[in-house]
Amino acid sequence: WLMRQVGRYLPEYRAVRARVADFIALATTPELAAEVTLQPLRRYGMDAAILFSDILMLPWALGQGLEYREGEGPVLPPIRDAAAVATLDPGRVAGALMPIMETVQRVRAEVGDATLIGFAGSPFTVACYMVEGGGSRDFAYTRTMAYGNPALFRRLLDLLTDATVGYLSAQINAGAEAVMLFDSWAGILSPTLFRVHVISPTARIVAALQERHPGIPVIGFPRLAGTLIGEYARETNVRAVGLDTAADPALAATLVPGGVALQGNLDPLALVAGGAGMAAETQGIIAALHGRPHIFNLGHGIVPGTPPEHVAQLVQLVRAAG
């Protein structure tokens, strides 16, 4: 499967997207969300379906405003003080996210032999968007809060950690067979804060899910973790670690315990280019991770301009490699 494998690069996705007013409407309409989740399986015969949703559905469910603006991305009212944190309501999450659980149930009924992967954003990355009020180049407000008001930042992360456990547990109860934690901005932190705000919440989430759902694998994706990837794998007890595009898979294989699968890590723009360059990169990744558990994937999400035929070529390359 490919990260963000459902998206604007597929014409069948665009046809469904045109039927609703905005992204939130699509993500909370189970019939349509299930349809776009299944589209890549029908086209390519992927080994797994990844739930169509977004990491910011959790803050939306907590009561923080959210809208997706064309050309701008997600926009939220910034949360930068104790009063704003106090407005978040964990009690409304289960009800708000019921349509997503129905989507999981619908996909599980149709997915066949493929694995259904649920997901959530990791607490730190979700907090980045909540504090900044959207995307950012450096998430300066978030990092300043982590240093300058650590008690408030921990309160926000504790709330998100508990809510994420409940959210992923509900997805598993609805039919998800594995779940993934996306920590897209983990790499902006110092090693000290990485341990506190990335490793620690992830370990809590994994432990809680293992207690509630023994045997359900958790995949962690601490993007741009660098050499801390080994410590992340050991301390969190995830079953698989996603490698970002910049990670050297051969080095990662020496840092991450042998029983932990590695996932990744083709550059999404190599997939856009296709041809000999894509083939060489693909073969190099497979060779570097030969002999250990490996889930072939991208190093980040598939981009809108990707030619669908290049995805088909990639699937053939990987399957031909055995």
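Me: Partly exposed means a relative accessible area between the buried limit of 20% and the exposed limit of 50%. Why is L224 called partly exposed?

Reply: The model is predicted, and the value is computed from it. L224 has 42% relative accessibility.

Me: What makes the phi of L224 worth a remark?

Reply: Phi of L224 is near 65 degrees, which is positive, and the residue is not a glycine. Most residues other than glycine have a negative phi. L224 sits in the loop between β6 (218-222) and α12 (229-236).

Me: Which phi value does R4 have, and where does R4 lie?

Reply: R4 has a positive phi of about 55 degrees, and R4 is not a glycine either. The residue belongs to the segment before α1 (11-17).

Me: What kind of peptide bond joins G264 and N265, cis or trans?

Reply: A cis bond, with omega about -10 degrees. Most peptide bonds are trans. N265 is part of strand β8, residues 261-266.

Me: How much of the protein chain is buried, and what share of its contacts joins residues 24 or more positions apart?

Reply: Buried residues are 54% of the 322. Of the contacts with a separation of 6 or more, 73% join residues 24 or more positions apart. The accessible surface comes to about 13200 Å², and carbon and sulfur atoms make up 52% of that area.

Me: How far apart are the mean positions of the positive and negative charges?

Reply: They are 1 Å apart, for 24 positive and 28 negative charges.

Me: How many aromatic pairs are there, and why is the pair of F124 and F153 called edge-to-face?

Reply: The count is nine. In the pair of F124 and F153, the centres are 6.3 Å apart and the planes are at 75 degrees.

Me: Why is the pair of F194 and Y232 called tilted?

Reply: Its centres are 6.5 Å apart and its planes are at 55 degrees. Stacked needs under 30 degrees and edge-to-face needs over 60, so what remains is tilted. F194 is in helix α11 (residues 191-212) and Y232 in helix α12, so the pair ties together parts 38 residues apart in sequence. F194 and Y232 are buried.

Me: Which residues do ring pairs link into a cluster?

Reply: Y13, F23, F52 and Y68.

Me: What makes D113 exposed?

Reply: Its relative accessibility is 84%. The cut-off for exposed is over 50%, so the label follows. D113 lies in the loop between α7 (98-110) and β4 (115-121). D113 and A48 are 65 residues apart in sequence, yet their C-alpha atoms are 8.6 Å apart.

Me: Why is G187 called partly exposed, and which residues does G187 touch beyond four places in sequence?

Reply: G187 has 32% relative accessibility, so it falls between the limits of 20% and 50%. The residue is in the loop between β5 (178-183) and α11. Leaving out residues up to four places away, G187 touches R223 and L224. From the C-alpha of G187 to that of L152 is 21 Å, across 35 residues of chain.

Me: How do you know that A170 is partly exposed?

Reply: The relative accessible area of A170 is 27%. Buried would need under 20% and exposed over 50%, so partly exposed is the label left. A170 belongs to helix α10.

Methods. Residues are numbered from 1 along each chain as its sequence is written. This is a predicted model: local features need pLDDT of at least 70, side-chain atom pairs count only at pLDDT 80 or more; totals for chains, interfaces and linings use all residues. Side-chain values use heavy atoms; hydrogens and water are left out. Helices (H or I, at least four residues) and strands (E, at least two) are DSSP runs, numbered from the N terminus. Buried means under 20% relative accessible area, exposed over 50%, partly exposed in between (1.4 Å probe, protein chains only). Contact means heavy atoms within 4.5 Å. Accessible areas come from the Shrake-Rupley method with a 1.4 Å probe; for residues, only the protein chains shown count as cover. Lys and Arg count as positive and Asp and Glu as negative; His and the chain ends are not counted. The place of a charge is taken as NZ of Lys, CZ of Arg, CG of Asp or CD of Glu. Rings of Phe, Tyr and Trp (its six-membered ring) pair if their centres lie within 6.5 Å; planes under 30 degrees apart count as stacked, over 60 as edge-to-face and the rest as tilted.
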